[in-house]
Amino acid sequence: MNSARVSLLLVCACLVLIVHGLNPGVHLAPLVSGGNPTVDEVHDLGATWVRVEFIDGSDAFSFFDSVVSQYTASKISVLMILDYISCYNCPVKPSDSAPLSAWDDYVSAYVSKFSDVLQHFGGRVQAYEIWNEPDQPPQPGYDPYIPPNVYAQLLTRTYALAKQFAPQSGGGGGGLSSGVPEYLSNVTHTLGGELPADAVGIHPYGRRPTD
């Protein structure tokens, strides 16, 4: 693999630092040119996992069937994220200041889509990540934020489905990016001290060190 191709993969696929004892992986962007590395390229990078965002659409299941099959056939594990672009039929996401009742329809529609995805892929996907950056404060053009008390119920309902339809697969929360640990503490507090997740994703690039 030439150096330009390696650089492209490092930028587009967000190569995880290979540390002894951890399983390195890459983030896929299969709809972006250069963002869908071949199995050989993933192996060349030393990765054993790929992370992919399920993007909803008319042919989403058939498209991601091929993506999942391509990697799992070569013993590369798949982490699938379901978030704000995974449910095109969901209502508009409420604002961060909306009352809890305003989220009911959105959460129910998301959980329904999550159920469809789980029943389709099941254990062929080794881990499911529930949402992406729920702790990230809203900003122009990007608003993934979900209030902790709402994320608590969303996580509870989807994790239960993950254990029902893919009991051998992991179900995780996150990936958190704000660098504010109180967000997860508030989610856990809402649930009486329990967190329904096998793991929590962390985006270390969400905060920068101060001078």
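Modeller: Let's start with Lys163, which is partly exposed at 26% relative accessible area. On that scale, buried is under 20%, exposed is over 50% and partly exposed is in between, using a 1.4 Å probe and protein chains only. Keep in mind that this is a predicted model: local features need pLDDT of at least 70, side-chain atom pairs count only at pLDDT 80 or more, and totals for chains, interfaces and linings use all residues. Residues are numbered from 1 along each chain as its sequence is written, and side-chain values use heavy atoms, with hydrogens and water left out.

What does Lys163 pair with? Its partner is Asp198, in a salt bridge with 3.1 Å from N to O; the term means a side-chain nitrogen of Lys or Arg within 4 Å of a carboxyl oxygen of Asp or Glu. Lys163 sits in helix 5 and Asp198 in the loop between helix 6 (182-190) and strand 6 (199-202), so the bridge ties together parts 35 residues apart in sequence. Helices (H or I, at least four residues) and strands (E, at least two) are DSSP runs, numbered from the N terminus. Asp198 is partly exposed too, with a relative accessible area of 46%. As a general point, side chains of opposite charge can pair when their charged atoms come close.

Helix 5 (residues 148-165) packs against helix 4 (residues 104-121) at about 20°, the axes being 10 Å apart. That makes the two helices roughly parallel. The label covers angles under 35 degrees; over 145 counts as roughly antiparallel, 65 to 115 as roughly perpendicular and the rest as oblique. The axes are lines fitted to C-alpha atoms over the stretch in contact, and angles run from 0 to 180 degrees between N-to-C directions.

Helix 4 passes helix 5 in a right-handed crossing. On the helix 4 side, the contact is made by Val107, Ser108, Tyr110, Val111, Phe114, Ser115, Leu118 and Gln119, while helix 5 brings Val150, Gln153, Leu154, Arg157, Thr158, Leu161, Ala162 and Phe165. Those residues split into 10 nonpolar, 5 polar and 1 charged. For the bookkeeping, contact means heavy atoms within 4.5 Å, and Ala, Val, Leu, Ile, Met, Phe, Trp, Tyr, Cys and Pro count as nonpolar, Asp, Glu, Lys and Arg as charged, and the others, Gly among them, as polar. A crossing counts as right-handed if the near helix is turned clockwise from the far one by less than a right angle, and as left-handed if anticlockwise.

Helix 4 has a lysine to look at as well: Lys113 is found there. Is Lys113 buried or exposed? Lys113 is buried, at 14% relative accessible area. Leaving out residues up to four places away in sequence, Lys113 touches Phe54, Asp56, Phe61, Ser86 and Cys87. With Asp56, Lys113 forms a salt bridge whose closest N and O atoms are 3.1 Å apart. That pair bridges distant parts of the chain, 57 residues apart, with Asp56 in the loop between strand 2 (49-53) and helix 3 (60-72). Asp56 is buried at 9% relative accessible area.

Arg124 is partly exposed, at 33%. Across the whole structure, a search finds 4 salt bridges.

Further along, in the loop between strand 4 and helix 5, you reach Trp131. Trp131 has a positive phi, near 80°, and counts as buried at 0% relative accessibility. Lys75 also has a positive phi, near 65°, but is exposed at 74%. For background, most residues other than glycine have a negative phi, and most peptide bonds are trans.

Zooming out, the chain has 6 helices and 6 strands, in the order α-β-α-β-α-β-α-β-α-β-α-β along the sequence. Of its 211 residues, 45% count as buried.
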